[in-house]
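Load the model and keep the selection panel at hand. The stops below are given in the order in which to select them.

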Amino acid sequence: MVSVEIDRALEWLQSTPFALAIAENDILFPWIESFHVLAIVLVVGTISIVDLRLLGVASLDISARRLMRDIIPYTWCAFAVAAVTGSLMFSSDATHYGHNRLFQIKLVMLVLAGLNMAAFHLFGERDIERWDAPGATTPVAAKAAASISLFAWIAIVSLGRGTGFTMH
Amino acid sequence: MTLNQICQWIDHTAVSEWIKQAAWVVPTVQTIHILTIAVVASSALMLDLRLIGVFWGNRPLEVVKARFLPLIWWPLLLLLATGIIMITAEPARSLKNPAFQLKMLLLIAALVVTGLFQFLHRRSSTSDDGPRAAAVTLAIVSIVLWSSIIFAGRWIAYFA
């Protein structure tokens, strides 16, 4: 029952004017896809800088909080572009993307990345005063959050590329 | 040897034939290529933002350069290696492709700009950031070039 409802929603999405425009136009999809790749590249690159700081690998001469405050706004901007362009591409062929196994796992990984970040901000960052200073050793919770983040984003890129190869 | 003959020759090498029958190779190599570009483009962006003065402003330019310049240069080897594997798999699709040719020109320009960053580095050891207008111009050119390289890379698939 639920899957019938989902299929109906996907079909509706695919029939909306902007979805049809993307599906029928030759150059719209490549342009949207290019912005998507640029955005995801910046999401992964900038979040890695934060993750490596939390892991205690790099940028140790900067306060962790300062680094996050400087960089994460750029990650969010890039993520917003990736989400909008991704949704547009999804809409153009919603029924196929919706049933693509790699794409489904990619969505699960996005949820994992989001929950991991929320957990870090809610709990992991609580005692940040104690390990914020340059050179201070980061706690296990911060290292775990950073590792999960790196894993999730590498998986997201891999699954995204895999989706492109398994759509036909 | 013409470009066509080069493509045909690559096409018939054992490596190329092996990659073609192993469906997982190209997607895997493309994924590594994109992840590596994430490192290079974001490192370039960090340097660019420092030069424009958006952030990392509390860090001396030399420190930001020591952190990010190696992350632009060294991953290029991995990009070259993964790029060569993709060319080996489908030589005509890339070598004869205007998007690929444009991408290579843009890459050369980006590398020249990155080289200039290092020059700026040496000159600025006396004055702080060197001539500021020049640094900002270079940073903006760098952002445009790396973005264009990513775009051209994606468009290879649509010119093939």
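This is a predicted model. Begin by selecting residues 61-73 of chain B, which form helix 4. Helix 4 holds 13 residues and spans 18 Å between its first and last C-alpha, close to the 18 Å expected at 1.5 Å a residue.

Next, centre on B:Arg67, where helix 4 of chain B bends by about 30°. Within four residues comes a proline, B:Pro70.

Which residues of helix 4 in chain B are buried? They are B:Leu61, B:Lys65, B:Arg67, B:Phe68 and B:Ile72. In general, an α-helix has 3.6 residues a turn, so residues three or four places apart point the same way.

Now widen the selection to the whole of chain B. Its secondary structure consists of 8 helices and 0 strands. Of the 160 residues in chain B, 31% are buried. For contacts in chain B with a separation of 6 or more, 78% join residues 24 or more positions apart.

Last, display both chains and select the contact between them. Chain A supplies 17 residues and chain B supplies 18 residues. On the chain A side, helix 3 (28-55) and helix 8 (140-165) are the elements that give two or more residues. Helix 3 of chain A provides the largest share, 10 residues. Coloured by class, the chain A side shows 9 nonpolar, 5 polar and 3 charged residues.

Technical notes:
Residues are numbered from 1 along each chain as its sequence is written. Chains are lettered from A and ligands numbered from 1 in the order in which they are written. This is a predicted model: local features need pLDDT of at least 70, side-chain atom pairs count only at pLDDT 80 or more; totals for chains, interfaces and linings use all residues. Two residues are in contact if their C-beta atoms, placed from the backbone, lie within 7 Å. Ala, Val, Leu, Ile, Met, Phe, Trp, Tyr, Cys and Pro count as nonpolar, Asp, Glu, Lys and Arg as charged, and the others, Gly among them, as polar. A residue is buried if 20 or more other C-beta atoms lie within 10 Å of its own, exposed if 12 or fewer, and partly exposed in between; C-beta atoms are placed from the backbone. The expected span of a helix is 1.5 Å times one less than its number of residues. The bend at a residue is the angle between axes fitted to the seven residues ending there and the seven starting there.
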